Amino acid sequence: KMLLELMPHKSYGSGFNLGSLINQAFISVPLTSSRFKFIAGQVGSWPGYEYQLPTAKKTITNNLLFDFTEPTFITGAGLDLTEGKWIYKGIVGNLNAGRVNDSTRKAPVLHYRVDYSKCEFQGFGFSGLHGKTPNFNTAAFDGTAFVPATASSKLNYFEVDGYFVRGDVTVMGQLDFGRQDKAAFNGGNAQWFGASAIGAYKFAPRNEGILRVD
């Protein structure tokens with residue numbers, strides 16, 4: 001299969017992917033069976049309870065972790081395996097960098113995700129990202145244009161999330177943690193942690209109350 005997904009980016013981490021509307025563009029090739037696949041190209045990242053596709057969300061806005069801490073996409077190659085109630089995914093490539101980006105954006109990372117579906121209406125998962133990424137604090141303005149960073153720094157990110165969706169009730173949540181060396185505004189190491197949760201109840205098929213806390 002081949003997927004091409006066009007969508008404006010709304011993420012600080014990707015620099016909003018200015019100049020490109022390509023969110024995903026990758027191939028998926030079955031190996032030993034349809035449950036074990038090779039993937040390659042520009043793949044949307046996998047963290048959190050909130051999906052990138054707008055039609056899969058309950059709210060117009062994204063949670064704060066989605067916009068400010070999560071990776072946006074990886075350009076590289078990886079594997080996707082489904083075994084019973086477990087799903088495993090992994091990819092190695094450039095973080096938030098597509099083919100059109102210049103050489104200063106090349107920094108390799110490992111991105112992975114594991115999901116477990118306890119039953120048809122509840123489950124949990126976790127994902128992580130480890131490697132290097134361009135350090136924008138080394139970038140400069142040359143008087144006419146913004147010159148991208150040439151230095152890269154170590155990045156580690158990890159999150160856990162879960163969901164319960166049954167009948168009229170929806171509950172989802174996420175915790176995440178991260179650190180990037182020499183990426184803080186003052187030149188020090190940037191560190192963060194965050195939490196997001198959303199609860200919803202359908203009073204009627206077309207009337208739902210939603211509360212999200214970040």
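Accessible areas come from the Shrake-Rupley method with a 1.4 Å probe, and for residues only the protein chains shown count as cover. On that basis the protein chain exposes about 12,500 Å², of which carbon and sulfur atoms supply 63%. The structure is a predicted model, in which local features need pLDDT of at least 70 and side-chain atom pairs count only at pLDDT 80 or more, whereas totals for chains, interfaces and linings use all residues. Residues are numbered from 1 along each chain as its sequence is written, and side-chain values use heavy atoms, with hydrogens and water left out.

**Overall make-up**

- The protein chain holds one helix and 13 strands, where helices (H or I, at least four residues) and strands (E, at least two) are DSSP runs numbered from the N terminus.
- Read from the N terminus, the order of elements is β-β-β-α-β-β-β-β-β-β-β-β-β-β.
- Of the 214 residues of the protein chain, 37% count as buried, a class defined as under 20% relative accessible area, with exposed meaning over 50% and partly exposed lying in between (1.4 Å probe, protein chains only).
- Among contacts (heavy atoms within 4.5 Å) between residues at least 6 apart in sequence, 48% join residues at least 24 apart.

- Two strands pair if DSSP finds at least two bridges between them; strand β1 (residues 2-6) and strand β2 (residues 22-33) do so in the antiparallel sense over five bridges, and the bridge partner of Leu-4 in β2 is Ala-25.
- Strand β2 in turn runs antiparallel to β3, with seven bridges joining them, and a hairpin links β2 to β3 through two residues.
- Ala-25 also has a bridge partner in β3, namely Gln-42.
- Strand β3 (residues 36-44) pairs with strand β4 (residues 73-83) in the antiparallel sense over nine bridges, and Lys-37 has Asp-80 as its bridge partner in β4.
- β4 and strand β5 (residues 86-95) are likewise antiparallel, over ten bridges, with Val-92 in β5 as the bridge partner of Ala-77.
- The hairpin of β4 and β5 has two residues between the strands, and within this hairpin Gly-84 takes a positive phi near 65°.

- Val-43 touches Gln-24, Phe-26, Phe-73, Ile-74 and Ile-91, not counting residues up to four places away in sequence.
- In soluble globular proteins, nonpolar side chains tend to be buried together.

**Nonpolar surface and its surroundings**

- Met-2, Ile-27, Val-29, Leu-31, Phe-38 and Leu-79 make a nonpolar surface patch of about 540 Å², to which β2 gives the most, with three residues.
- Phe-38, in strand β3, counts as partly exposed because its relative accessibility is 32%.
- Ser-28, in strand β2, counts as buried because its relative accessibility is 13%.
- Leaving aside neighbours within four places in sequence, Ser-28 is in contact with Lys-1, Lys-37, Phe-38 and Ile-39.
- Patches are made of residues with over 30% relative accessible area and no salt bridge, with like charges joined within 9 Å and nonpolar side chains (Val, Leu, Ile, Met, Phe, Trp, Tyr) within 5 Å; a salt bridge is a side-chain nitrogen of Lys or Arg within 4 Å of a carboxyl oxygen of Asp or Glu.
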